[in-house]
Amino acid sequence: MGLLSDPNRRKALTGLLTRLNTPICVVCFLAAVVWFMGLAFEPFTLRSYMSENAMGSTMVEERFSSGERALALAKEFGAHKRKAGGMPVDWLVKAMRSRGLEVFTQSFSRKLPFPDENKERYMVRGTNVYGILRAPRAPRTEALVITAPCSPGDSNNQAVALLLALAQYFRNQVYWAKDIIFLVNEHDLIGTQAWLEGYHHTNITGMEYSPLQGRAGSIQAALSLELSSDVITSLDLVLEGLNGQLPNLDLANLFYAFCQKLGVLCTIQGKLQRNDWDTAEGYTHAAQTMMLMVLKQACGRSWGDHGLFLRYHIEAASIRGINSFRHYKTDITTIGRLLEGMVRKLNNLLERLHQSYFFYLLPSLSRFVSIGYYMPAFGLLAVILLLRALDLWVHLGAPALTAVDGVTEAEQPSSPGVLTVLTPLVISHLTGVALYLLPVHLQEMAVEHFPVSETEAVVLTAIAIYTAGLALPHNTQRLLSGEGTEQGWKVLKLTALLYLAVLLGCTALINFSLGFILAITLVPITASITPHMPKALSAVVMVLLSPAFTILYCVFIYQELIEAPVSIGEGWMLFLSVISQGILDHALYGSLVYPLLALFIYPCWLMFWNILFWN
């Protein structure tokens with residue numbers, strides 16, 4: 001404090017930071033990259049452990065043994081599903097009632113803002129079926145949920161059958177202290193969204209649904225099952241939810257503990273765990289696993305039905321059965337025992353899961369990176385923006401030297417007008433508002449005038465508006481205030497740097513992965529851009545590091561990490577699909593990535609684009 005309160009020392013410190021501004025910024029950027037890549041190295045990780053005492057080890061033995069019955073039910077369910085041409089509601093209601101559950105149905109409908117070509121749907125109508133097993137040893141104030149989506153074709157038949165087999169087994173047990181809800185939802189996330197909104201009496205996405213006739217207690221945790229084969233070689237744990245939310249780490253630890261106990265092969269991000277951390281191959285494997293989690297979390301979509309439960313502070317995860325070419329096989333009975341054990345542990349909870357981490361990265365299921373370890377990587381990037389802003393602040397306050405009759409005099413710089421900064425800021429944000437609103441609202445007009453589908457019209461309109469933002473008058477400050485001044489662009493850049501620092505900081509606090517990816521591409525060019533740089537080369541670099549190209553790079557990197565590389569043409573088509581899905585996820589489930597990019601990140605980038613062409 002003495003250093004900052006003393007004017008002379010403060011001036012000396014400011015002068016030092018100004019003189020060494022560029023070298024310090026370069027060191028910070030390199031340190032951020034090295035720090036982040038080092039997170040996958042064993043010394044930077046912590047060994048997983050169970051924080052919640054109520055879910056600690058017990059002497060209970062899992063006794064589920066109805067695996068063969070579940071496989072028979074899967075064939076029966078598949079036959080009725082083909083006969084009904086979709087969800088066999090009547091058969092499911094009868095099957096649940098025969099197992100002693102209180103059974104209810106919920107109908108719902110949702111008109112999409114434009115057709116979802118990936119799943120070939122526009123007007124969605126469906127029915128959810130759920131049964132409630134009432135707790136015999138408690139006042140029924142809390143509940144657990146096991147859900148299995150009814151997918152098209154023969155997908156997920158085994159999951160629904162295992163859910164019914166577990167319901168029959170659980171019905172004969174007397175130790176349940178929480179209600180257990182068995183939910184079979186139609187149309188994947190849309191059905192889950194309708195059921196959750198009906199259960200919590202909310203309507204935040206414009207969904208039309210019938211009110212729920214049966215309710216249980218406050219939901220404490222949820223498990224989503226995805227099994228599409230009689231032969232399972234491994235179980236993959238899916239954690240990433242809507243807007244980058246993650247469940248409490250104890251839920252992942254619980255899954256891993258039971259996999260270890262029962263000898264089940266388990267994966268995260270579809271990758272097996274390795275123990276050779278000290279080798280180059282082991283580090284590369286951990287780094288790829290962690291990068292996959294970062295990319296999936298950054299996109300903001302829900303990667304399973306569990307993702308929508310997290311919005312309601314319900315800890316949830318999806319367990320996905322993988323049938324690969326591995327020789328290791330797991331039968332359906334073992335999977336049932338694993339789920340029985342997890343539900344019995346959750347049944348022991350006396351309060352919500354809260355003692356472990358909610359912010360973490362996983363290079364493997366046995367080790368994790370806590371928020372205290374990975375946030376410094378982002379902090380180093382944010383420091384660059386603040387250092388550049390400090391440098392501009394010092395230069396704006398320094399008097400200019402002018403020569404009058406051979407005598408050098410200090411002249412106080414004139415402050416630029418408010419409109420010099422306000423005009424480009426307003427125009428940039430109006431462009432962002434157009435990018436957010438117009439693609440969906442202009443789809444009908446685009447379809448009438450161009451030979452494209454509704455989905456293509458939305459995506460191409462968004463790209464057109466994004467490109468049009470680059471073609472706006474570069475010197476927007478001249479619209480109202482005449483020629484730009486040297487002080488004008490410095491004030492605008494100072495404003496833009498602080499604005500970007502706040503945006504990225506708030507984003508990283510909610511979704512670290514998204515904030516870090518945006519920072520790693522935006523910070524270098526925004527920190528160094530000036531009107532005195534070569535225009536053509538700088539413009540190309542700025543476009544290549546813009547938010548749209550960042551999404552494109554992430555598409556190619558993701559495909560490489562899942563070992564399914566694509567050509568440039570295929571990557572472009574995936575890029576267009578990612579844009580359409582981002583807009584749909586925002587309209588259907590409330591994903592915040594698209595409005596964040598359209599209303600804030602892109603306009604902020606346009607302000608730096610305006611600085612480059614400042615005259």
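Tutor: Contact means heavy atoms within 4.5 Å of each other. This is a predicted model, in which local features need pLDDT of at least 70 and side-chain atom pairs count only at pLDDT 80 or more, while totals for chains, interfaces and linings use all residues. Residues are numbered from 1 along each chain as its sequence is written, and side-chain values use heavy atoms, leaving out hydrogens and water.

Student: Leaving aside neighbours within four places in sequence, which residues is Asn248 in contact with?

Tutor: Asn248 sits in the loop between strand E8 (234-238) and H8; helices (H or I, at least four residues) and strands (E, at least two) are DSSP runs, numbered from the N terminus. The C-alpha atoms of Asn248 and Phe358 are 4.9 Å apart, although 110 residues separate them along the chain. Beyond its sequence neighbours, Asn248 contacts Glu315, Leu353, His354, Gln355, Ser356, Tyr357, Phe358 and Tyr360.

Student: Why does Asn248 count as buried?

Tutor: Buried means under 20% relative accessible area, exposed over 50%, and partly exposed in between (1.4 Å probe, protein chains only). Asn248 counts as buried because its relative accessibility is 0%.

Student: Which backbone oxygen does the side chain of Ser538 reach?

Tutor: Ser538 lies in helix H18, which covers residues 535-544. Its relative accessible area is 5%, so Ser538 is buried. Setting aside residues up to four places away in sequence, Ser538 touches Ile529, Met533 and Leu612. At 2.7 Å, its side chain reaches the backbone oxygen of Pro534.

Student: How many residues apart in sequence are the parts that Glu42 and Arg367 tie together?

Tutor: Glu42 and Arg367 form a salt bridge, with the closest N and O atoms 3.7 Å apart; the term means a side-chain nitrogen of Lys or Arg within 4 Å of a carboxyl oxygen of Asp or Glu. Glu42 lies in the loop between helix H3 (21-38) and strand E1 (46-47), and Arg367 in strand E12 (residues 367-370), so the parts tied together are 325 residues apart in sequence.

Student: What is the N to O distance between Glu62 and Lys261?

Tutor: Glu62 is buried, with 6% relative accessible area. The side chains of Glu62 and Lys261 meet in a salt bridge, with an N to O distance of 3.1 Å.

Student: Where does Lys261 lie?

Tutor: The salt bridge of Lys261 is with Glu62. This pair links distant parts of the chain, 199 residues apart. Glu62 is in the loop between E1 and helix H4 (67-84), and Lys261 is in helix H8 (residues 249-262).

Student: What separates Arg344 and Glu340 in helix H10?

Tutor: The two side chains meet in a salt bridge (3.5 Å, N to O). Arg344 and Glu340 are both buried. They are four residues apart in helix H10 (residues 332-347), so the separation is about one helical turn.

Student: How many salt bridges does the structure hold?

Tutor: One network of salt bridges links Asp116, Lys119, Arg121 and Asp188. In the structure, the salt bridges number 13.

Student: What is the area buried between domain 1 and domain 2?

Tutor: An automatic or database assignment sets the domain bounds, giving domain 1 (53-365) and domain 2 (416-613). Their C-alpha centres lie 36 Å apart. The contact takes 34 residues from domain 1 and 32 residues from domain 2. Buried area is the accessible area (1.4 Å probe) that two parts lose on being put together, summed over both; carbon and sulfur atoms give 62% of it here, and the total is about 2700 Å².

Student: How many residue pairs are in polar contact between domain 1 and domain 2?

Tutor: The count of salt bridges between the two domains is one. A polar contact is a pair of N or O atoms within 3.5 Å; within protein, one must be able to donate a hydrogen and the other to accept it, and residues adjacent in sequence count only if both atoms are side-chain atoms. Between domain 1 and domain 2, with both residues at pLDDT 80 or more, the number of such pairs is twelve.

Student: Which residues does Glu117 touch, not counting those up to four places away in sequence?

Tutor: Glu117 lies in the loop between E2 and strand E3 (121-133). Its relative accessible area is 42%, so Glu117 is partly exposed. The side chain of Glu117 makes a polar contact with the side chain of Ser453 at 2.7 Å. The residues touched are Ser453 and Thr455.
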